[in-house]
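Subject: Structure handover

Hi,

Here is the structure I said I would pass on.

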Amino acid sequence: MADASPILDELRAMAVFATVVRAGSFAAGARALGLTRAVVSHHVRALETKLGVPLAQRSTRSFSLTPAGEAFRVHCERLLDEAHDGIRGMELLRAEPRGEVRITCSHHFGNKRILPALLEFRRRYPAIRLHVAMNDSNVDLVQQGMELAVRAGPLADSSLVARRLVREPTMLCAAPSYLRRYRAPATVQELDQHRWVVYPPSQKSMTVRAGEQDFQVAIRGDIATDSAASRLAFVLAGEGLARLPAYDAAALIASGELVQVLPEAQTAPLEIYLVHSQKVGPSARLLRDFLLESARENGG
């Protein structure tokens with residue numbers, strides 16, 4: 001292998017020469033480089049010896065480039081700029097957030113609201129890897145190795161931190177085909193007589209407010225599911241009533257695929273929380289703050 005020392009010396013001398021040219025004098029160049037004037041002069045003389053031409057005319061009071069020096073200056077300054085750009089680029093690369101974040105959310109809400117935000121997050125932080133687990137059950141964060149979870153309803157585990165992402169209005173809905181078979185309820189009390197798509201399967205009743213009074217409505221039906229996407233599919237198929245979030249129902253009501261039942265009645269809003277342990281890593285903190293900000297921008 002050839003000895004690289006000569007070319008390293010020449011590259012160093014070229015960087016010194018470019019700095020002197022930009023500084024306007026040997027003395028100013030020496031100060032910029034933190035070298036003595038004698039060392040700077042040595043590097044420039046070594047370049048002139050290597051090239052066989054004078055690069056500068058200098059005296060104690062003046063400094064000017066020869067035609068050869070003017071032509072060579074372009075290459076030296078380009079070399080210096082490339083070196084500075086390379087170092088700055090590596091500094092930015094080193095400073096760019098990186099790592100991995102593990103997040104879990106439901107299939108239905110995740111695809112509608114979380115996945116678009118994750119795609120935007122990836123565009124902003126491409127060096128952060130995402131592990132996204134779509135799961136309709138509330139998994140144990142520690143046991144599953146998840147840093148963030150998107151969950152509906154109040155938080156049972158007080159050791160976790162919950163921040164609300166979404167507070168979505170809900171409404172009672174049914175498909176036209178269901179209402180053709182079963183007369184639409186005229187009052188809240190008549191809801192007890194109807195079939196429901198039960199979601200989640202453990203639900204036995206629901207609070208419905210009419211006027212100034214709250215009513216407890218029994219939830220019974222032939223179909224129970226733990227999937228919000230399945231609930232919507234069964235309701236659209238005419239299998240029963242359901243309380244649906246506005247992000248599912250509004251467009252379908254507008255298109256006539258669903259009908260809002262008892263529009264004057266009020267049901268509890270759907271509340272979605274971003275949940276994490278008391279301490280999270282820097283990448284997870286970035287994603288947490290990004291999702292919260294995205295929810296605020298979208299009216300969450």
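Predicted model: local features only at pLDDT ≥ 70, side-chain atom pairs only at ≥ 80, totals over all residues.

Start with the open sheet, whose five strands come in the order 4-3-5-15-6 with mixed pairing. Strand 4 and strand 6 are the edges: each has a single partner strand, so one side of each has no neighbour in the sheet. From one strand to the next, the twist averages 20°.

With strand 3 it runs parallel, joined by two bridges, and Ile103 sits opposite Leu148 of strand 5. With strand 15, strand 5 pairs in the antiparallel sense over five bridges; there, Ala152 stands opposite Ile272 of strand 15. Strand 5 is also largely enclosed by the rest of the structure, because four of its five residues are buried.

Helix 5 lies across strand 3, strand 4, strand 5, strand 6 and strand 15, and runs at about 175° to strand 4.

Strand 4 covers residues 128–134, and Ile128 belongs to it. Is Ile128 buried or exposed? Its relative accessibility is 0%, so Ile128 counts as buried. Leaving out residues up to four places away in sequence, Ile128 touches Pro97, Arg98, Gly99, Val101, Phe121, Arg122, Ser283 and Leu286.

In soluble globular proteins, nonpolar side chains tend to be buried together. Here, the largest nonpolar core has 25 residues, and those touching the most other members are Phe109, Ile114, Val150, Leu165, Leu274, Leu287 and Leu291. At least two residues of this core come from each of strand 3 (99–105), helix 5 (107–124), strand 5 (148–152), strand 6 (161–168), strand 15 (270–276) and helix 10 (282–297). Helix 10 gives the largest share, six residues.

Not counting residues up to four places away in sequence, Leu287 touches Val101, Ile103, Leu118, Phe121, Leu130 and Leu148.

There is also a second, separate core of 17 residues, with Ala174, Trp196, Val198 and Val217 among them.

**Helix 2 against helix 3**

Last, the helix pair. How do helix 2 and helix 3 pack? Helix 2 (residues 26–33) meets helix 3 (residues 37–51) at an angle of about 105°, and their axes are 9 Å apart. That angle makes helix 2 roughly perpendicular to helix 3. On the helix 2 side, the contact is made by Phe26, Ala27, Ala30 and Leu33, and on the helix 3 side by Arg37, Val40, Ser41 and Val44. Sorted by class, this contact has six nonpolar residues, one polar and one charged.

Cheers

Key: Residues numbered from 1 in each chain as written. Heavy atoms only, no water. Axes fitted to C-alpha atoms, helices over the stretch in contact; angles between N-to-C directions. Parallel < 35°, antiparallel > 145°, perpendicular 65-115°, else oblique. Contact = heavy atoms within 4.5 Å. Nonpolar A, V, L, I, M, F, W, Y, C, P; charged D, E, K, R; others polar. Buried < 20%, exposed > 50% of the residue type's maximum accessible area, 1.4 Å probe, protein only. Core = buried A, V, L, I, M, F, W, Y, C linked by side-chain atoms within 4.5 Å. Pairing = 2+ DSSP bridges.
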